[in-house]
Amino acid sequence: MTPRHLDDLFSAAYEDDLSPAERTRFEAHVQACEPCAAAYEEFKAGIAVLRELPQARMPHAVHLPSTSPVAERRARPTIGLSWFNLGLLRRFPATAAAGAIAIVLVVLALTHVGTGGNLSTAALPASGGANGSTAPLPAHSSTEVSCTQPTAIIGSSPPVSFAQETQAADPTEPALHLVLAAPRLVVAAGKSAVVYAQLSVPVSAAANPGSVASAPPTRALLPCLSVGVANTTRQLLVLPPSSASLAIPQATGSGFAVAPGTELSAAGPLVTFVVPTGLAPGTELHVIATIPAGFAAFGSPALTAELTLTIG
Amino acid sequence: MPARTLKCMDDEALLERARRGDRDAFAAIVTRHQDELYTMALRILGTPADAADVVQETFLRAYVRIPVLRGQTIRAWLFRVAINCSHDVQRRTVRRPADPLEDAEGNIVELPDPALGPEASALARERVAAVREALLTLHPDFRAVVVLRDVNDLSYEEMSAALRIPIGTVKSRLNRSRSMLAKALRGTAAAPGFAEEHA
């Protein structure tokens, strides 16, 4: 009977990964088996050739977006599937399954209520539906915004003082990204608040990265923007830029108004609004910037960036 | 901050600065890793223009992922993205002949050692071409593993993270890849003894 060749151990032998016993057996076999000895020499020579190749040098500079690197995500803890959560799921699968079913049922119920009418949630007046039966905004959700055509603006990077920033990007087109930022996450009732919202779209040169010597040019768009009070249907601001005008819900006597000197026109990415005086400290405001699917390019997904502001 | 200072910082410290909006810090990360990523992509794809595009795309993706990147693992992450981008390029492009020593504009990007004479330079060039051809005969998955180990010198752990396969699979796949490469090099300018036979 022909002894089994040990070519499956070549790599381990080369890397010195064999146990002493395996090493002894391997060396004895290679000494006695001429085909294995030749094959092992050929094996090592192939590795040597690869390792002798010089490191190539990137032929041109890497072009980076003209905007600053993304600032750190908000410091507030978020609920996500961390390894800790996954460990819990593994240990308590039945509980997890029951929880998942409950979540699905709640979502279905909310969806059913939400689709009772054809109006998008964001388009509802601040006082809610006529019969008050609409579901409140969940604590964290993407709100449908009636927006079909974001408006071109004079773009700029978020101001340096805007430390709170979040963004969304199309994985297949990373240079295209939606940025939503604010100077701080705590706002005061009765005072004005400002947010930054901009979609940076690479133009044709950016579609072929590295094809030009300078940084890829981009154009800027103002996304659809809404500010809603968490756990209510109340919208403080809905900005569908398709008409380049504001769709401001009727004020309810709470003092909501567009701040004087606001940049709500399609001139730039900064949007200012006044926080109503009637909101209690701790109330959360959800700021949602949206780009509809298919807007940037055929097949591109919808992009949504969210920030949560808290009344201080 | 002076470029020299940034150069001395590790990836985690550079990322931390980049998260705070320091573009130069991210540029330092690019400078640190671009050549090794380019080398990997060039060995996998065989064409300098495609390899440069892969590196460009990899850093663009990193740029928008700065908030979630971690310095301790950014090297493996960059390699993983570059490999995925390389596979995307392979899927959407037909193999085209290209001189591996020239980029799309005809610039020499892999100069032979100037200390070599003309004949030795020609031989070195033949060896590079032979290795390139041999690598291209491997399945992309096998090509990637042998390039990561024997060209880029990644550890098993880094390879496991970059390829998203267990370390045991890395080792077994590496053994097969190296064996296939050795066979593919037989009789080529990169085979053992070729230089002596043609001296």
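Leaving aside neighbours within four places in sequence, which residues is B:Asp150 in contact with? I took this as my starting point.

**Entry 1: conventions.** I noted that this is a predicted model, in which local features need pLDDT of at least 70, side-chain atom pairs count only at pLDDT 80 or more, and totals for chains, interfaces and linings use all residues. Residues are numbered from 1 along each chain as its sequence is written, chains are lettered from A and ligands numbered from 1 in the order in which they are written, and side-chain values use heavy atoms, with hydrogens and water left out.

**Entry 2: B:Asp150.** I looked up contacts, meaning heavy atoms within 4.5 Å. Apart from its neighbours within four places in sequence, B:Asp150 touches A:Ile47, A:Leu50, A:Arg51 and B:Arg178. I located B:Asp150 in helix H7 of chain B; helices are DSSP runs of H or I with at least four residues, numbered from the N terminus. B:Asp150 has a relative accessible area of 2%, and it therefore counts as buried (under 20% relative accessible area, with a 1.4 Å probe and protein chains only). Its side chain makes a polar contact with the side chain of B:Arg178 at 2.8 Å. A polar contact is a pair of N or O atoms within 3.5 Å; within protein, one must be able to donate a hydrogen and the other to accept it, and residues adjacent in sequence count only if both atoms are side-chain atoms.

**Entry 3: chain B.** I found ten helices and zero strands (DSSP runs of E, at least two residues) in chain B. Of the 199 residues in chain B, 52% are buried.

**Entry 4: the interface.** I recorded 52 residues from chain B and 45 residues from chain A in the contact. The area buried between the two chains is about 4200 Å², and carbon and sulfur atoms give 60% of it; this is the accessible area (1.4 Å probe) that two parts lose on being put together, summed over both. B:Gln56, B:Tyr63 and B:Arg178 supply 15% of the area that chain B buries against chain A, more than any other three residues.

I then turned to charged pairs. The rule finds six salt bridges across the interface, each a side-chain nitrogen of Lys or Arg within 4 Å of a carboxyl oxygen of Asp or Glu. B:Arg127 forms a salt bridge with A:Glu52, with the closest N and O atoms 3.0 Å apart. H3(B) gives the largest share of the side of chain B that touches chain A, eleven residues.

Definitions and conventions: Buried < 20%, exposed > 50% of the residue type's maximum accessible area, 1.4 Å probe, protein only.
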